[in-house]
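Open the model in your viewer and get ready to select aromatic side chains. The tour goes from pairs to a cluster, then to charges over rings.

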Amino acid sequence: MKTHFVRARTYRALCLGGSALAAVIALGASPALAADAAAAASSEAGPVKIDPENPDFGRRVSELVVIGEGTNGGQATAPAKANLQETEPQTIIDRKAIDQFIPATADYTQIVNLSPSVSGTSTNGPGLGESKTVLRGFQDGQYNVTYDGIPWGDANGPTHHSTSFFPSSTIGAVIVDRGPGSAGQMGVANFGGSINLFSPEVSHDMGGSELLTYGSWNTGMSVTKLNTGDIDKLNGARFLFNFQDLQTDGALSHNDAKAYNELIRGVIPIAGTWNLTVLATWNQTRIHTNDNAGATLAQVALYGKNFALDTNPANPTYYGYNFVTKHTWFDYAKLNGDITPTSHVDNTVYGYYYKNDTESSLDPTLSLTDIATHNGLAVTLTPGGKAVANGDVPGYTKLNVYKIYGDILHFDQELPYGVTVKSGIWLETADTGPRARYDYDSTLSFGKDVKVVDYRQKVLPGVPQYLEYNQQSGWHQYEPFVDIEWKVNDQLTLTPGIKYVNENIHVDADVNQKSRQPFHDSHDFTQTLYFFTGNYKIQENWSAYAQYATGFLVPDISVTQVVTPNLSSLQPQKSTNYQLGTVYHGDRITLDADVYYIDFKNKLQTVSVTDPIAGLETVNFNLGGAIYKGVEGVVTFRAADHIFVFANGSINSAKAQGANTNIDGVPVTIVGGKQIASAPKSTAAIGAYYQDASWIASIIDKYTGVQWGAEGEPAAYKIPGYNSTDLTIVYRWDRYRLEGAVYNLFDSEKVTSIKPGKTVPYDQYYFQPERNYQLSLKVNF
């Protein structure tokens, strides 16, 4: 076979079975590699063709090539797969696993829950409301999320809106990297790891499918996929069209939602090994929800764990006062091909857009009109605790718009003696604005285009009392990198790498958030990052790996939202990562296990101090750090010809280090040795899978361990572990696929997180959604 090289981590070999079968995932691989892949598959595992069970996804050819599909040890059937050539802990979740184990309505946060050390729950139902993922104790914004190799996230901080860009139908596979990866791994949060999403396959054959889903809470969804197949008049170009339409009443009271997504992806051969890949997706969501949703214990006691909004216009929880509309798009064009037989170039130009229009009551925790009546109290309670002049419900409008553009260039050069140099640069610019919030009277403004303003803020010269903030912000960054992959011999591969990060963040605000003072400033954050990984093949079906890597996270613009911000005094948060692991693929069993240790420095803390001039203000500063360490493992066992059992789990320690400092004469102490808030101490999953010619059945239980809702492990905020069991049964015949599923089979409605409020009565609680069902019918054509 002709030798080709593939980019580290993104162009990763996947051995999905015993030594006789191999698999390769290669993002951006050339058609020549695809041809070689097809030849290898033909000789070892039969010809590469569209999977008859999932003909609308198939196997990635020019961008995601899968060769073979070994069943030894159940590796191909398991929901979470491992790679014999990996250089850091990694979980591969293919489309077959997504279809079987994940609700059809889900987003990526439910998909990645199949991985160890990952947790998160959607309180409004799977994919029916935004949810956040925790990875090894790192919160959303402390790890990267990519789509076809492109990092994406908010422009005011690298956090993510799970329902705003990529619903499950636009995801063909997911790779969860638990570590910073190589120098060529893109993302501004090169810190806790990466969740890498891949778009669906574009088939060479004309056809498509229609999926109809109906489930609990009056949830309905349709997904239409159309593949043009190879178009001879366009040199074999092929396109995929994906249309998704979803609506639901939601698991939470009056949290009804509608969502629409349209995607087109095309693979266009140009000449020789050169291809152009284009993708465009458009998404719109609208949901009734408060901007600061969450139920107090008093509300739960009266209305139940699913309380969110009601139908009483006297309350700030009135559904008519609370709704969010989001509009996004995400586009890219990638050109890739071979310059010479030993050199390959890959360049991706991309852009994405986000617009959030929110109308929300100010505070949903004090909708206590019914509570007062229930307790027989002769008391007049103020809705939201902050009334406007006439006692109406106070609210606000919020607008957040950002546009991000970038370019990612990879150049790979194969050299003698088993050396491949993988270099490139990432350029990106972000522009946020307008970003503004205005106070208004929800009661008097209901149903009106022109809002009645609420003069609630203190009087400041030149600042309208109803204006909370009005700002522009963004960044400019560049990251050149080099990885040197050295295949020392048939067993040992070493990959040292280096990357330089230069990011300039800027804020231009006439009325800055929180302080309501003008602020205009920018600052350059720079860092050189170092990487070293090794993979040693002990046997053909058994490998070990080690990783040393540094990570870097730039402060987001929230650090400027104080009375006297000072960008130059802040240091980026840094990490040093050490990991060891092993992967084994046997005849009846496959397993992988790892240990990790992460030293996290310059942890940003927020405290309130009294400044001699400004008075009481919130200050962000670097103090102490944290140590993340743990053990992770995944195992799959082939119990019989059609039956597989599997399990994964982790023990995760994420503890803050103690520190003392003095800020403006005020002593500040951080108590060390305590688990960081919202960081579970363990995760686990166990399940079984049966498959024959017509039937597929699976059951899986996911457990999330003990965590705390506030820093310092306070007893009142301890959240016991919780689990959810999902049962799925599929029947297939001819061109049809009928699926019935029960999620949260045993109806667990335990607390999943707590958001501390002003005082304990205003703490907000979040619960698992009740037992729910989905029924789906899919027809292929």
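Does Y466 count as buried, partly exposed or exposed? Select it: Y466 is partly exposed, at 25% relative accessibility. Buried means under 20% relative accessible area, exposed over 50%, and partly exposed in between, with a 1.4 Å probe and protein chains only.

A note on the source: this is a predicted model, where local features need pLDDT of at least 70, side-chain atom pairs count only at pLDDT 80 or more, and totals for chains, interfaces and linings use all residues. Residues are numbered from 1 along each chain as its sequence is written, and side-chain values use heavy atoms, without hydrogens and water.

Now the pairs. Rings of Phe, Tyr and Trp (its six-membered ring) pair if their centres lie within 6.5 Å; planes under 30 degrees apart are stacked, over 60 edge-to-face, the rest tilted. That rule gives 32 aromatic pairs.

Select F330 and Y352. They are stacked, 5.6 Å centre to centre with 25° between the planes. F330 sits in strand β16 (residues 323-340) and Y352 in strand β17 (residues 343-361), so the pair ties together parts 22 residues apart in sequence. Strands are DSSP runs of E, at least two residues, numbered from the N terminus. Both F330 and Y352 are buried.

Y455 is exposed, at 55% relative accessible area.

One aromatic cluster holds Y108, Y147, W152, F165, F166, F330, Y352, Y354 and Y402.

Last stop: R136. Its charged end sits over the ring of Y596, 3.7 Å from the centre; this term requires NZ of Lys or CZ of Arg within 6 Å of the ring centre and within 35 degrees of the ring normal.

Note on methods: Helix = DSSP H or I, 4+ residues; strand = E, 2+ residues; numbered from the N terminus.
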